[in-house]
Amino acid sequence: TITLQGMEAILWRQALRQIDRDRIEEVFEQAELSWLPAASLERLELRHEDELTAPLELEFSATTSGAGVTQDGALVMRATPMPLNPAAPFAGLPRRTTGLVIPYAPKLEADLRIHFTGARLDSAPQPSTLESEYGRFVREVERSADGLVVRVTSTLRTGVLGPERYEGLTAFARQVEHAVQDVVRAR
């Protein structure tokens, strides 16, 4: 389930009014599932599409054959496959000589339930908390009988960032990117 609030919900609701109803699944795949290689959408249900005071919920199920790779007899996949680094788009330059405005940064959250059929969990990422003046990244990890639950929350602080503080933002973005690259292994 993808829950959208604020600007994201407004943009999706506008798109839903402008596109043909028979193209909604295609647009959803392109807009929201690009992080899932070779994804095939099986089901999509929209909730609160016309209730402007409620979050817009996009509940879906999809399959993929490209979520992981086999390495030394183990299935290896990213523990956080979707982009959850809101600092990354603002930290692409080696340095800045002018200020940077971060006008809007949504709170990104994901609850990932990873289940294994015919395999057992071999290794999982450790819980992680990264906190700085630029934002916060938290990963909680719970092992279950048949897999793993990974909860991620990632935020970025908005405002004006002077050029002297840009290096700190890029360092924070790199730390978050390193954390989301952690993998899960199953045999």
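**Entry 1: S128**

I looked up S128 and found that its relative accessibility of 17% makes it count as buried; I take buried as under 20% relative accessible area, exposed as over 50% and partly exposed as in between, with a 1.4 Å probe and protein chains only. The model is predicted, so I note that local features need pLDDT of at least 70 and side-chain atom pairs count only at pLDDT 80 or more, while totals for chains, interfaces and linings use all residues. Residues are numbered from 1 along each chain as its sequence is written, and side-chain values use heavy atoms, with hydrogens and water left out.

S128 is placed in strand β9. Helices (H or I, at least four residues) and strands (E, at least two) are DSSP runs, numbered from the N terminus. Not counting residues up to four places away in sequence, S128 touches F137, V138 and R139, where contact means heavy atoms within 4.5 Å.

**Entry 2: nonpolar cores**

I then looked up the largest nonpolar core, which has 32 residues. Such a core is a set of buried Ala, Val, Leu, Ile, Met, Phe, Trp, Tyr and Cys residues joined through side-chain atoms within 4.5 Å. F137, L148, L169 and V184 have the most contacts inside this core. At least two core residues each come from β6 (100–102), β7 (108–115), β11 (147–156), α3 (166–180) and β13 (183–186). The most come from α3, with 7 residues.

A second, separate core has 15 residues, including A9, V27, L44 and L58.

**Entry 3: helix α3**

I checked the length of α3: its 15 residues reach 21 Å from first C-alpha to last, close to the 21 Å expected at 1.5 Å a residue. The expected span is 1.5 Å times one less than the number of residues.

Which residues of α3 are buried? I list Y166, L169, T170, F172, A173, V176, A179 and V180. Their cover includes β5 (74–78), β6, β9 (128–131), β10 (135–144), β11 and β12 (159–161). For L169 I find contacts with A87, F90, A91, L100, I102, Y134, L156 and L161, leaving out residues up to four places away in sequence.

At Y166, the charged end of R96 sits over the ring, 5.9 Å from its centre. The criterion is NZ of Lys or CZ of Arg within 6 Å of the ring centre and within 35 degrees of the ring normal.

**Entry 4: aromatic pairs**

I searched the whole structure and got 2 aromatic pairs. Rings of Phe, Tyr and Trp (its six-membered ring) pair if their centres lie within 6.5 Å; planes under 30 degrees apart count as stacked, over 60 as edge-to-face and the rest as tilted.

W12 and F28 form a tilted pair, 6.3 Å centre to centre with 50 degrees between the planes. W12 lies in helix α1 (residues 6–18) and F28 in helix α2 (residues 24–32), so the pair ties together parts 16 residues apart in sequence. Both W12 and F28 are buried. With F60 they form one aromatic cluster.

**Entry 5: salt bridges**

I found 15 salt bridges in the whole structure, each being a side-chain nitrogen of Lys or Arg within 4 Å of a carboxyl oxygen of Asp or Glu.

D122 and R187 meet in one of them at 3.3 Å, N to O. This pair links distant parts of the chain: D122 is in strand β8 (residues 121–123) and R187 in the segment after β13, 65 residues apart. D122 is partly exposed at 32% relative accessibility, as is R187 with a relative accessible area of 43%.

Salt bridges that share partners join R43, E45, R47, E57 and E59 into one network. Within it I noted R43 with E45 at 3.8 Å, N to O, and E45 with R47 at 3.4 Å, N to O.
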